[in-house]
Amino acid sequence: MKKEKYVAYVSTYTYGNKSNFGIRIYDVDMENGRFFEKDQVEITNSSYVTISHNRKFLYSITDFGVESYKILEDGSLSVINHAPINGMRGCYLSTDYDDKFLFVAGYHDAKLTVLKVSEDGSIGEITEEIFHKGLGSIAERNFRPHINCVKMTRDNKFLCAADLGMDHVVLYELNHSNGRLRQVDMIRSEQESAPRHLKFSADGKFLYIVHELRNYIDVYTYSIDEHNNPVFDKIQNISTLNTYHAKGSAASALNFSEDFKYLCSSNAGDNSVIVYAIDQETGLLDKRFCLPVSGDYPKDAALFPDNRHLVSLNHESDSMTFFNVDMEKGIMVMNGREMKVDQPNCIIFYRLP
């Protein structure tokens, strides 16, 4: 039986570094849970990357807006084009499930931008621009809106925009013909909780929102009522920390395992990673372990596709650390030295065709 091969895409900041390569591509050694650098892509300050749902294209944030790449057979990237977003640099991006629109979240200017995407993967004109407005509750940080994540519901009807500054997720209906958005509702989080990232289960029935400042995940059921409106009901609130933990921690990552059986998050300050098992029937989370990552500020963390290894992207210590994982025993053990990489932001595993 032929073994499946994977590459990993890691986005990094380039400012203050001597390197111009904002995306690094690694061959994944699944047996030993390690990476080998394969290629580097020249791009400024790649805050976040995403892969289209048809698995053909990769999109990245850059100082100049957004950039699109064709994914080649060996996992290398070939640049298609770049497009401005008419605002400050974004922090997150995703496509709808038909890969016809690209959504960009603006942390700095609280701007939500929608751009058209062509069949060849190229990014076209802007179809919608919305600024979130309002006043949050923490003067230093949350005194104004910060859109930190944008994601469609899996039925491709509604766009969810997590506003970390305003402590809510705004729900928009997407018009698939013109790329315009209409606000229909919002999911309100606790004050000063800072909803950071959100993900939907594989069947689309459950929503998971990680909250940066209160270090917990809220779990919701998702359905549509008879008037075609989205309905979200909270069914769980679970901490991303152990009962003993470092002060001033901030929850960061939110990633499913490839088979959607586990959910992974991380805590800056505490410098730990937490893995939950997901009850496939109820959507509820059950903590497997929360352990240190041997690095500073784990901005992202992800299980390898085999669920037997884990990688942590340690933003402030410019490193990636690797671990062997045993889900049954609830442990992870470091497997070799850290890998140096400047200010890593996010990681995606990609199965080669």
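Which strand supplies the largest share of the lining of the largest pocket? I opened my notes with that one, and the answer is S29, with 6 residues. A reminder to myself: this is a predicted model.

**Entry 1: the sheet around S29**

I looked up where S29 sits and found an open sheet of 4 strands, ordered S3-S2-S1-S29, with antiparallel pairing. Strand S3 (34–42) and strand S29 (344–351) are its edge strands, each pairing on one side only. From one strand to the next, I noted an average twist of 25°. Next I checked the partner of S29: strand S1 (residues 6–12) pairs with S29 in the antiparallel sense over 7 bridges. One bridge I wrote down joins Thr 12 to Pro 344 in S29.

**Entry 2: the largest pocket**

I then turned to the largest pocket, which holds about 970 Å³ of space. I found 34 residues lining it, and Arg 55, Lys 199, Phe 260, Ile 348 and Phe 349 lie nearest its centre. Strands that each give at least two residues to this lining include strand S4 (49–51), strand S8 (92–95) and strand S12 (147–152), along with S29. By class, I have the lining down as 20 nonpolar, 7 polar and 7 charged residues.

**Entry 3: the second largest pocket**

My last stop was the second largest pocket, with a volume of about 470 Å³. Its lining has 27 residues, and those closest to its centre are Tyr 13, Cys 91, Asn 148, Arg 196 and Lys 299. S29 turns up here too: S16, S20, S24 and S29 each supply at least two lining residues. I noted 11 nonpolar, 8 polar and 8 charged residues in this lining.

Note on methods: Residues are numbered from 1 along each chain as its sequence is written. This is a predicted model: local features need pLDDT of at least 70, side-chain atom pairs count only at pLDDT 80 or more; totals for chains, interfaces and linings use all residues. Side-chain values use heavy atoms; hydrogens and water are left out. Two strands pair if DSSP finds at least two bridges between them. Axes are lines fitted to C-alpha atoms, for helices over the stretch in contact, and angles run from 0 to 180 degrees between N-to-C directions. On a 1 Å grid over the protein atoms alone, a cavity is a set of points where a 1.4 Å probe fits but cannot get out, and a pocket is an open set with protein on both sides within 12 Å along at least five of seven lines; lining residues have an atom within 4 Å of a point. Grid points are joined across faces, edges and corners, and a volume is the space filled by probe spheres set on the points. Ala, Val, Leu, Ile, Met, Phe, Trp, Tyr, Cys and Pro count as nonpolar, Asp, Glu, Lys and Arg as charged, and the others, Gly among them, as polar.
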